[in-house]
Amino acid sequence: MFKKTVLSVAAFAITGCASVQIPADSLERSEASVRAAEELGANGVPTARLHLQMAKDQTEAAKRMAENGDERAILVLARAEADAELALGMAREVSTHTEAERASEDLKAVKARVNP
Amino acid sequence: MNFPSKTLIVGIAVSGLLSACATTTPPQLVEARDAYSASSTGLAGKLTPTELYDAKKVLDKANQEFDEHGDTSEVRDYAYIAKRKIELAETKARTQVDRQRIADAVKQGVVVRDSQFKNLEAGLAKTREQLEAEQPRSPERQRPRADHCTARV
């Protein structure tokens, strides 16, 4: 009887404390996107900064959930990854748009020199 | 109306209400579906179909999960991810448009500079021709001056 009780308590403790393994590649991708977005100046773009913050918060939440054995951690990390990639895309968009504006201005200047 | 039919109507109404509540589509899924249908016929549909397809696969998962289990956290999570992926496809499409603008501006710049160079070359050639046409007369013009100088000496 005692043995049974000890075993069931142990089993409960193991299942209760078991942590969920979050995919390392997903975590790496998410963190890499966050770093790349920051390097591209995402913090200077309001919408990109918002998604960057969401990505960071959700990554932390996913880690906590995984430690507590919550299987939803995997999907929360996927949400973080999606936000991080979006932040990077938005930062890239703003940077490319600025470059395109500059190229148009340069072209106008060249044309003006040819046909004043 | 007798009692059993009243009960039947109330029963049908209650079960209808309950089933309506059970199948209420979560706002995240509605937004993702709307965003996808707008994007697939817009810029992303033309310029970034691969990214959009990636989003569609996640949206399909959300729809399937909703059909099978109703409004669960998984449905909301998949719908959230799908929406972000759709936004990313849109962002990438706009970036592509800007990249094309840069390439076009550079190309046009080369054409303008090239024509500018050709005009300069043509002008230079014309000036050279004029100078060459004037050259035989120059010694004659200079001769009296030379004579004058010799006379002076």
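## Chain B: overall architecture

Chain B contains six helices and zero strands, where helices (H or I, at least four residues) and strands (E, at least two) are DSSP runs numbered from the N terminus. The order of its elements from the N terminus is α-α-α-α-α-α. The model is predicted: local features need pLDDT of at least 70 and side-chain atom pairs count only at pLDDT 80 or more, while totals for chains, interfaces and linings use all residues. Residues are numbered from 1 along each chain as its sequence is written, and chains are lettered from A and ligands numbered from 1 in the order in which they are written.

Of the 153 residues in chain B, 24% are buried; a buried residue has 20 or more other C-beta atoms within 10 Å of its own, with C-beta atoms placed from the backbone. Among chain B contacts between residues at least 6 apart in sequence, 71% link residues at least 24 apart, a contact being two such C-beta atoms within 7 Å.

## Packing of α2(B) and α5(B)

The axes of α2(B) and α5(B) lie 8 Å apart and form an angle of about 25 degrees; axes are lines fitted to C-alpha atoms over the stretch in contact, and angles run from 0 to 180 degrees between N-to-C directions. The two helices are therefore roughly parallel, a class for angles under 35 degrees.

B:Y36 belongs to helix α2 of chain B and counts as buried because it has 23 C-beta neighbours inside 10 Å. Beyond four places in sequence, B:Y36 contacts B:A55, B:K56, B:L59 and B:I86. The C-alpha atoms of B:Y36 and B:K56 are 7.4 Å apart, with a sequence separation of 20 residues.

## Core and interface

The largest nonpolar core has 45 residues, and B:A32, B:A62 and B:A82 are among those with the most contacts inside it. The largest share, 13 residues, comes from α4(A). Excluding residues up to four places away in sequence, B:A82 touches B:A32, B:A55, B:V58, B:L59 and B:A62.

Between the chains, 24 residues of chain B contact 23 residues of chain A. The chain B side comprises seven nonpolar, six polar and eleven charged residues.

Methods. Nonpolar A, V, L, I, M, F, W, Y, C, P; charged D, E, K, R; others polar. Core = buried A, V, L, I, M, F, W, Y, C linked by C-beta atoms within 7 Å. Buried ≥ 20, exposed ≤ 12 C-beta atoms within 10 Å, placed from the backbone. Parallel < 35°, antiparallel > 145°, perpendicular 65-115°, else oblique.
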